[in-house]
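Me: I have a model open and would like to go through parts of it with you. Shall we start with the strands?

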Amino acid sequence: MKILIIEDERKLSDSIVAYLSSEKYLCEQAFTYTDARMKVNLYEYDCILLDLMLPGGNGLDLLHEIRKQRNPVGVIIVSAKDSLDDKVKGLEIGADDYLAKPFHLPELSMRIYAIIRRKTFSANNILESNGVCINLLNKSAAVGDTPVELTKSEYELLLFLIGNKNRVISKSAMAEHLSGDMADMMDNHDFVYTHIKNLKAKLASAGCKDCIKNVYGTGYKWAEP
């Protein structure tokens, strides 16, 4: 899952990135209002951590713009301003949660997980499709009783496909999901094909065949009856 951390305190931002990366999240950073606004308008995220006091602008203004565009991304306000007015205004505009500094990183991680689970997987800890069972808490996958050992990228790709079941997803969208804004600097997205090939082979070996369909000239989709 892809997280955008909008926080001007670089040391704190780097600490959040280090922790969430160890939890298998793909993290991107923005340190100013302008940078954050640009990334929100260009890329898709599963969750945004939003500081209120930013160089160049106010985080609540950015939140208002996000919701005005009907962007459904989960937003957690992370701010030292722990006043009731800030909480209420942020939640009224469309924030999903509010966490006051200082906070414990494991708590932040669980709040992110809760928002993503609620928005993407209907509040379930277990995701099932075509005989594939994914435990979202321990980030494991199995087909029936057969565990499927996946790399971080393969696991993220599987979640992305199932979360968009029966929809065609382009290679460029997959590349952005797996590598974030680095995808814009790549000459090609051939690595997506490699991950798809390996994922299909591992699922087939465990007994799940032909779930990932190649839509010629467009991309791939997870086919579910």
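This is a predicted model: local features need pLDDT of at least 70, side-chain atom pairs count only at pLDDT 80 or more; totals for chains, interfaces and linings use all residues.

Me: Which residue of strand 9 stands opposite Ile-126?

Reply: Asn-135 of strand 9 is opposite Ile-126.

Me: And how many residues lie between strand 8 and strand 9 in the hairpin?

Reply: There are 2 residues between them, and Asn-130 in the turn has a positive phi of about 55 degrees.

Me: What about strand 10?

Reply: Strand 10 (residues 140-143) runs antiparallel to strand 9, joined by 4 bridges. Cys-133 has Ala-142 as its bridge partner there. The hairpin of strand 9 and strand 10 has 4 residues between the strands, with Lys-139 at a positive phi near 55 degrees.

Me: Which residues of strand 9 are on its covered face?

Reply: Val-132 and Ile-134 form the covered face, while Cys-133 and Asn-135 form the uncovered one.

Me: Changing topic: at what angle do helix 6 and helix 8 cross?

Reply: The axes of helix 6 (residues 152-163) and helix 8 (residues 190-206) cross at roughly 85 degrees and come within 10 Å. Helix 6 is therefore roughly perpendicular to helix 8. Residues in the contact include Leu-157 and Leu-161 of helix 6, and Ile-196 and Leu-203 of helix 8. The contact residues divide into 6 nonpolar, 3 polar and 2 charged.

Me: How many residues does the largest nonpolar core have?

Reply: That core has 48 residues; Leu-158, Leu-203 and Trp-222 are among those with the most contacts inside it. Helix 6 supplies the largest share, 7 residues.

Me: What does Trp-222 touch?

Reply: Among the residues touched by Trp-222 are Val-132, Leu-158, Leu-161 and Leu-203.

Methods: Residues are numbered from 1 along each chain as its sequence is written. Side-chain values use heavy atoms; hydrogens and water are left out. Axes are lines fitted to C-alpha atoms, for helices over the stretch in contact, and angles run from 0 to 180 degrees between N-to-C directions. Angles under 35 degrees count as roughly parallel, over 145 as roughly antiparallel, 65 to 115 as roughly perpendicular and the rest as oblique. Contact means heavy atoms within 4.5 Å. Ala, Val, Leu, Ile, Met, Phe, Trp, Tyr, Cys and Pro count as nonpolar, Asp, Glu, Lys and Arg as charged, and the others, Gly among them, as polar. A nonpolar core is a set of buried Ala, Val, Leu, Ile, Met, Phe, Trp, Tyr and Cys residues joined through side-chain atoms within 4.5 Å. Buried means under 20% relative accessible area, exposed over 50%, partly exposed in between (1.4 Å probe, protein chains only). Two strands pair if DSSP finds at least two bridges between them. Lists of a residue's contacts leave out its neighbours within four places in sequence.
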